[in-house]
Structure formats: structure tokens, C-alpha cells
Amino acid sequence: EADAFAAGLVSSLNLPSERGVRYAGTEQMRLLPPSGEGKELLFARVSFLSGLEDQVNIIEGAWPKPFNREGPVEVLVADRVANQNTLLVGDTYLLRATSVGLELPVRIAGTWRARDAESSYWFNPPSTYSQMLLVPEESFRMVADNASLSLVTYASWYSASEDANAG
């Protein structure tokens, strides 16, 4: 319904639009070693951005496979963040959301970097998404689709246009 509303709004305002982008993210969670013991490696949200595949280069590894409720959730990590925190492709970690009692194993499927940081696709600079574990939308739905957990803390829809005369 939100997708239809956003598309209708852009159309009714007569704005040029090349693409609609959806984003959603969970609350920040602690990324821990697989044992769950010790200090967190970083705080991160599990997030998705529609159309991301066309906007980033995979620096190492591969695009994450959709989560099927078996094994760890495959995630993409920003290349810079992976290097700073020694997060290695293929390694498994534990995400913990203490507010809702969730522990979720995640595996680093790959690292990413924006192809064009100035593209209209990016509502916020790509660095905004560097502290996020990016997943396919299907995986996000599987993780967030639990009535007993209120993990999703942010969602947005926006239209992107390359037309300098728009607005």
C-alpha cells in the first residue's frame, strides 16, 4: 500500500521520477563474536535498500542470498567498516537485540562500495549506510516479520530523479 501511495503522490505532483526507492532498518543491535561473549565489534542495523544491486560494487565476496530461516542471515558490510573492524567475508557473527531478546547469526557474504556517491539514488550519502548490515528485501522481511518483536525503527520511500529542473 505504501508503494502505491508513494507512486501516486509523485504522479499527482507531476514530478519526473526515474525510480522509487524503499528503505527500512531495524533498531541498532550489537554485533558480537559467534560465541556471543565479549565486547561488541560494532553496533549495526539490519537494513535493505531497494535497487541497491545496481548502485554498489561488490569489493569482496558476493551478493547475499535471501534468508530462508535456516542458517545465518547473509549480509553485506561496507568495505571501509569491514576493514576497520576486521570483519571477514565468510565469517559468522551474532547479532543481539537485548530490547527484544533476539539473537541472530549473520554471515558476511560480501563487502560493498557505492558506484557513484553522487547518484540521485542516494537520498543520504552512501556513508550513512556504512554502519548497516545490508540484506536483500526478502531477508529483511523474514527477520522483521515477527509479531512479537518490534525491530523495525525506520522506514522510508522516496523518488529519485536526475532532472535538475525537478522541484
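Modeller: Let's begin with strand β4 (residues 56-61), which pairs with β7 in the antiparallel sense over five bridges. This is a predicted model, where local features need pLDDT of at least 70, side-chain atom pairs count only at pLDDT 80 or more, and totals for chains, interfaces and linings use all residues. Residues are numbered from 1 along each chain as its sequence is written, and side-chain values use heavy atoms, with hydrogens and water left out.

Colleague: Why are β4 and β7 said to pair?

Modeller: Two strands pair if DSSP finds at least two bridges between them. β4 and β7 have five bridges, so they count as paired. Gly61 stands opposite Gly110 in β7. Strands themselves are DSSP runs (E, at least two residues), as helices are (H or I, at least four), numbered from the N terminus.

Colleague: Which sense does β5 take against β7, parallel or antiparallel?

Modeller: Strand β5 (residues 73-78) runs parallel to β7, over six bridges. Ala78 stands opposite Trp112 there.

Colleague: And how does β6 sit with β7?

Modeller: Strand β6 (residues 92-97) pairs with β7 in the antiparallel sense over six bridges. Ala97 has Leu102 as its bridge partner in β7. β6 and β7 form a hairpin with four residues between them, and Gly101 in the turn has a positive phi of about 70 degrees.

Colleague: What makes the contact of Arg113 with Asp79 a salt bridge?

Modeller: The rule asks for a side-chain nitrogen of Lys or Arg within 4 Å of a carboxyl oxygen of Asp or Glu. The closest N and O atoms of Arg113 and Asp79 are 2.4 Å apart, so the pair qualifies. The pair links distant parts of the chain, with Arg113 in strand β7 (residues 102-114) and Asp79 in helix α2 (residues 79-85), 34 residues apart.

Colleague: Why is Asp79 called buried, and how do you class Arg113?

Modeller: Buried means under 20% relative accessible area, exposed over 50%, and partly exposed in between (1.4 Å probe, protein chains only). Asp79 has 12% relative accessibility, so it counts as buried. Arg113, at 44%, counts as partly exposed.

Colleague: What about the side chains of Glu103 and Arg96?

Modeller: They meet in a salt bridge at 2.6 Å, N to O. Glu103 is partly exposed at 44% relative accessibility, whereas Arg96 is buried at 18%.

Colleague: How many salt bridges does a search of the whole structure find?

Modeller: The search finds seven.
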